[in-house]
Amino acid sequence: MSSQNRKDDHIRINLAEDVESERVHNGFERYRIRHCPLPEGNLERVDTGTRFLGRRLTLPLLISSMTGGTDTASRVNRNLAEAAQHRRVAMGVGSQRIMVEEHQVARNWRALRRAAPDVPLLANLGLVQLNKGFGLAECIQVVEVIEAEALILHLNVLQECVQPEGDTDWTGLLAKLEQVCRELPVPVIVKEVGWGIDGRTAQRLLEAGVAGIDVAGAGGTSWSEVEMHRAVTRRQQRIAGAFRHWGTPTAECLQEVGAIVGDRSAGLDRPIVIASGGVRSPLDILKSLALGADLAGVAGPLLRKAVESAEAVVEELEIWGSVLRIAMFCSGCFAVSDVDRRIVVPAEPPFIG
């Protein structure tokens, strides 16, 4: 199957099927936000903005990497990029492997920077492609095409293992990652795709020179479940379906990675921490920040809007911004820098909300 067909399959399945992790939640249900009944200020003074990769954002939000390369994916990405520009949030693009292999689709990627000239765009390749003939030149190429502020190298080992066409030789990738981090002219951020990055792996990544980690924990889309729906044989379905409960919850990943990198008060030299994986509400964003993230990545809720229109994405982002502002105010926070572990308390039993 061609890369383009596979990308269209991914969009179709995400929209039509139940591909959420089952019995593995994002972990935010284990915390509740401490209500502040007397915030001593004005809601209008609450600043939900932050800085990321040298640019000012109005929300601590990254539109997470989803897809790209096909006509359908390009329309989705264009809508997301236009909305990102309008609301001044960051955006990660889907894997650009198809752009390197099929040069005629590069024009679709270039259009993203024209649609979003003033916000951070993050290029994207699978780390395993460094074992498949890709190297520094290809990393530079995908960055230059969209004039990206950073490069995401994503980890999707389980997805590759359950794909019939998957790449399963992950030998020596840490050394190759280190070379890219050393020689690429923009920062490198490593992200999982939905099964989580633990503390031990985070330490190895930081030693290799990455500038940031997107923990991308379990609790949202399960890509093994997506591959189960793509499978053409019963055998392939059973193998992929066995992993629906796999992964480390996002909140747990944040705890482990936070123990390695320290909290946001450590200063500008601290590695970037992004919380994605089942971020389904603005309250999840606030909990992510409290648990040590610099910003949160959102995919699924925005994909459904992006299929509709850029305006639908803008409206969703505006609602998220309003809810986040009120939640910050009602927890006594007037800036993102005010949000820390003190505003969340353990919820027993696990709290949904």
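In the predicted model, N77 has a relative accessibility of 4% and therefore counts as buried, the cut-off being under 20%. This residue lies in helix α2, which spans residues 71-87. N77 and A111 are 34 residues apart along the chain, and their C-alpha atoms are separated by 9.5 Å.

In soluble globular proteins, nonpolar side chains tend to be buried together. The largest nonpolar core of the model comprises 90 residues, of which L61, I63, L80, W109 and L177 touch the most other members. Helix α14 (residues 310-329) is the element that gives the most to this core, contributing eight residues. When residues up to four places away in sequence are not counted, I63 touches L80, A84, V89, A90, M91, G92, V298 and L302. Another core, of 11 residues, lies apart from the largest one; L122, A150, I152 and I189 are among its members.

Of the elements, α8 gives the most, with three residues. By residue class, the lining of the second largest pocket divides into eight nonpolar, three polar and three charged residues.

Conventions: Residues are numbered from 1 along each chain as its sequence is written. This is a predicted model: local features need pLDDT of at least 70, side-chain atom pairs count only at pLDDT 80 or more; totals for chains, interfaces and linings use all residues. Side-chain values use heavy atoms; hydrogens and water are left out. Helices (H or I, at least four residues) and strands (E, at least two) are DSSP runs, numbered from the N terminus. Ala, Val, Leu, Ile, Met, Phe, Trp, Tyr, Cys and Pro count as nonpolar, Asp, Glu, Lys and Arg as charged, and the others, Gly among them, as polar. A nonpolar core is a set of buried Ala, Val, Leu, Ile, Met, Phe, Trp, Tyr and Cys residues joined through side-chain atoms within 4.5 Å. Buried means under 20% relative accessible area, exposed over 50%, partly exposed in between (1.4 Å probe, protein chains only). Contact means heavy atoms within 4.5 Å.
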